[in-house]
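Here is a short tour for a reader who is new to this structure. Start with the display below, then follow the headings.

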Amino acid sequence: MAFASPTSSSDLTAARDPLAPAFAAWRAAGHRALIPYLTAGYPDPEATLPLLARLAAAGADLIELGIPFSDPVADGPTIQRSSQRALEAGVDVSWVLQRLREFRTDHHTPVVLFTYLNPVIAYGPERFLADAIDAGAQGVLLTDLPVGSDPDLEAAFESAPIALVRLLAPTSPPARARQVAARAQGFLYYISRMGVTGARAALPPQLVRELEALRALSPVPVAVGFGISTPDQAAAVAHVADGIVVGSALIDNIDSGGLEAAGRFIAGLRRAIDAT
C-alpha cells in the first residue's frame, strides 16, 4: 500500500476526541499503547470485572471491551466462541455498560467498546451513545460501519464526546486510506492482514513498510491488530505503530490458565514493547 501526504481531520473531530490527550502524552514519551481485547462476559459473567482489573494492573494502556454478538463476521473462531458463550450466559449491551460503570468506580484505564451495528441499532443509537458515555467509555469501534456507509449515524457518533475508532484494511487504495484516516477519532485501527481475527505464528513481511507510510499520512495515532500473539511480534510492531491490539491470543491464555495466565501474558507483552 502506498500513501500520499497527510491530510488534516476536522476541528470537530479533534474537539470530540477524548483519547487524544492520552495518545499525545504516550507519543511524547515514546510510549507505545498496549490494547488488549476482552469479550465481556467471557469465560463467565463473574470474570469480567476481575479480568478488566488484571489487564489494567498488568500494563494495558487502553482496553477494547467486546459486546458479544451472534454473528461476529470480522472475528475468527476464538472470539466467536467467546461471544457465543457470553450470549448463552445472558450478556447483552445493558449488562456490558453496567460492568463498565462498576469498573469506573476505581479504575481510569480508557475503554473502547468493540461491537457491531446490530446490537447498537437494537439498543437504539442515541440511547447507546448516551449510556456508553455515562458508563465511562472513551471510544467505540463499530466494525461494520465503514466510512460513508451511513452518513447520519456516522455524524451522530462523530459529533458525540466519544471517539469513533475506524478500521482500515491493507487492501485499501491510497485515496480510500486518506479518507478513512481523515475521519478517524481516537486512533486508526489498521488490520495487519486480510481475513478474520486470530493468533498467527508470523506477521506479514510488508507490515512495517505499510505502517511507516500510514503513520506519515494519518492525523491520528495508528494501532495494529489481527494476528499479534507473541511478545516478539508485539515488539516488532511497536517500532512503527502507536498501539498494539491483542485479542485472540489473550482469549487463548484465559482458556488455558484463567486470570493469572491473562495477567502474565499481558505483562510479558508490556515488557517486550517497553524494551523497544
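## A buried loop residue

Ala241 is buried, with a relative accessible area of 0%. The model is predicted. Ala241 sits in the loop that runs between α11 (231-238) and β8 (243-246).

What does Ala241 touch, not counting residues up to four places away in sequence? The answer is Arg32, Leu211, Arg215, Val222 and Val224. Take Arg32 from that list. Ala241 and Arg32 are 209 residues apart along the chain, yet their C-alpha atoms are separated by 7.4 Å.

Thr109 belongs to the loop between α5 and β3 (111-115). Is Thr109 buried or exposed? Its relative accessibility is 13%, so Thr109 counts as buried, because the cut-off for buried is under 20%.

Neighbours within four places in sequence are left aside here.

## Helix α3 and its cover

Helix α3 covers residues 48-58. Which of its residues are buried? They are Thr48, Leu51, Leu52, Leu55, Ala56 and Ala58.

Just after α3 comes Gly59, which takes a positive phi of about 125 degrees.

## Where α3 meets α12

The axes of α3 and α12 are 7 Å apart, and the two helices pack at an angle of about 25 degrees. The two helices are therefore roughly parallel to each other, since angles under 35 degrees count as roughly parallel.

From α3, the contact uses Pro50, Leu51, Arg54, Leu55 and Ala58. Of these, Leu51, Leu55 and Ala58 are listed as buried residues of α3. From α12, the contact uses Leu250, Ile254, Leu259, Glu260, Ala262, Gly263, Ile266, Ala267 and Arg270. By class, the contact has 10 nonpolar, one polar and three charged residues.

## Where α5 meets α7

Helix α5 spans residues 93-103, and helix α7 spans residues 125-135. Their axes come within 8 Å and cross at roughly 25 degrees. α5 and α7 are therefore roughly parallel to each other.

On the α5 side, the contact is made by Val93, Ser94, Leu97, Leu100 and Arg101. On the α7 side, Arg127, Phe128, Asp131, Ala132, Asp134 and Ala135 take part. These residues divide into six nonpolar, one polar and four charged.

Asp134 is exposed, at a relative accessible area of 57%. Arg101 is partly exposed, at 26%.

How many salt bridges are counted in the model? The count comes to 13. One of them joins Arg99 to Glu102, with the closest N and O atoms 2.8 Å apart. Why are these two residues about one helical turn apart? Arg99 and Glu102 are separated by about one helical turn because they are three residues apart in helix α5.

Arg99 counts as buried, at 14% relative accessibility. Glu102 is partly exposed, with a relative accessible area of 28%.

Glu154 forms a salt bridge with Arg183, and their closest N and O atoms are 3.4 Å apart. This pair also links distant parts of the chain. Glu154 lies in helix α8 (residues 151-158) and Arg183 in helix α9 (residues 174-183), 29 residues apart.

Glu154 is buried, with a relative accessible area of 0%. Arg183 is partly exposed, with 27%.

Definitions and conventions: Residues are numbered from 1 along each chain as its sequence is written. This is a predicted model: local features need pLDDT of at least 70, side-chain atom pairs count only at pLDDT 80 or more; totals for chains, interfaces and linings use all residues. Side-chain values use heavy atoms; hydrogens and water are left out. A salt bridge is a side-chain nitrogen of Lys or Arg within 4 Å of a carboxyl oxygen of Asp or Glu. Helices (H or I, at least four residues) and strands (E, at least two) are DSSP runs, numbered from the N terminus. Buried means under 20% relative accessible area, exposed over 50%, partly exposed in between (1.4 Å probe, protein chains only). Contact means heavy atoms within 4.5 Å. Axes are lines fitted to C-alpha atoms, for helices over the stretch in contact, and angles run from 0 to 180 degrees between N-to-C directions. Angles under 35 degrees count as roughly parallel, over 145 as roughly antiparallel, 65 to 115 as roughly perpendicular and the rest as oblique. Ala, Val, Leu, Ile, Met, Phe, Trp, Tyr, Cys and Pro count as nonpolar, Asp, Glu, Lys and Arg as charged, and the others, Gly among them, as polar.
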